[in-house]
Amino acid sequence: MSSKDFTYDDVGATRDRPGHCPAGFHSLHVRTRLGEGHDVFRRAAEAVLTWEMHRTLGVGMDTTADRAAPGVDVTVTLAGLIKAPCRVVWTVDEHRRAGWAYGTLPGHPECGEEAFVVDRTGDGTVWLTVSAFSRGAKWYARAAGPATRGLQQAYARRCGVVLRELSEGDKS
């Protein structure tokens, strides 16, 4: 995978430099409590790594693999109208941490990187963290300005709500 394919320079920064936001980009950081325990963590991790969380949100996910892995191409489709090509730049699947990040490719309305990571803290609490840095690439994303960032915040919060529901398991 060549970094020249991406529409930004700091490929992998959501893993290598958490919280980093390149000049001219806007940062996003939304953390949602999902529940507690190993079972909640494993269900949430699987839902993130297999695209289930995104598909349950109603987002189209056309992928070149059934599971997130570096180099997997993903085209996200929003409202059946906006197609956003990206590529998985890193993944993690450890005992207490699992997730992935994508980087934008030419044709994506935004430019940057977004990560979806589930982690289980020492007290057993399970969290989803959505973090990103981005800026508008297409004219309509740039023109929307703060509205685009508001939509990104709402989307990240909705990811947490959906993933909490997916990871709860059978309550009967």
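Helix 2 (residues 38-49) has 12 residues, which at 1.5 Å a residue should span 16 Å, and the separation of its end C-alpha atoms, 16 Å, agrees with this in the predicted model; the expected span is taken as 1.5 Å times one less than the number of residues. Helices (H or I, at least four residues) and strands (E, at least two) are DSSP runs numbered from the N terminus. The structure is a predicted model, in which local features require pLDDT of at least 70 and side-chain atom pairs count only at pLDDT 80 or more, while totals for chains, interfaces and linings use all residues. Residues are numbered from 1 along each chain as its sequence is written, and side-chain values use heavy atoms, with hydrogens and water left out.

Within helix 2, the residues Val 40, Phe 41, Ala 44, Ala 45, Ala 47, Val 48 and Leu 49 are buried, where buried denotes under 20% relative accessible area, exposed over 50% and partly exposed the range in between (1.4 Å probe, protein chains only). An α-helix has 3.6 residues a turn, so residues three or four places apart point the same way. Helix 2 is followed by Trp 51, which is placed in the loop between helix 2 and helix 3 (52-56). The phi of Trp 51 is positive, near 75°, although the residue is not a glycine, and Trp 51 is buried, with a relative accessible area of 0%.

The 7 strands form an open sheet in the order 1-7-6-5-4-3-2, with antiparallel pairing, two strands being paired if DSSP finds at least two bridges between them. From one strand to the next, the twist averages 20°; axes are lines fitted to C-alpha atoms, for helices over the stretch in contact, and angles run from 0 to 180 degrees between N-to-C directions.

Strand 5 (residues 97-104) is joined to the antiparallel strand 4 (residues 82-93) by 7 bridges, and a hairpin of 3 residues connects strand 4 to strand 5. Bridge partners across this pairing include Val 88 with Tyr 102 and Val 92 with Gly 99. Strand 5 also pairs with strand 6 in the antiparallel sense, over 7 bridges, and Tyr 102 stands opposite Glu 114 of strand 6. The hairpin formed by strand 5 and strand 6 has 5 residues between them, and Gly 107 in the turn shows a positive phi of about 105°. Strand 5 is mostly covered, 7 of its 8 residues being buried.

Helix 5 (residues 146-167) lies across strand 1, strand 6 (110-120) and strand 7 (125-136), and runs at about 15° to strand 1. Ser 131, in strand 7, counts as buried at 18% relative accessibility. Its contacts (heavy atoms within 4.5 Å), not counting residues up to four places away in sequence, are Thr 14, Leu 28, His 29, Glu 113, Glu 114 and Ala 115.

The whole structure holds 7 aromatic pairs, for which rings of Phe, Tyr and Trp (its six-membered ring) must have centres within 6.5 Å, with planes under 30 degrees apart counted as stacked, over 60 as edge-to-face and the rest as tilted. The rings of Tyr 8 and Phe 133 form an edge-to-face pair, since their centres are 5.8 Å apart and their planes stand at 75°. Ring pairs also link Phe 6, Tyr 8, Phe 25 and Phe 133 into a cluster.
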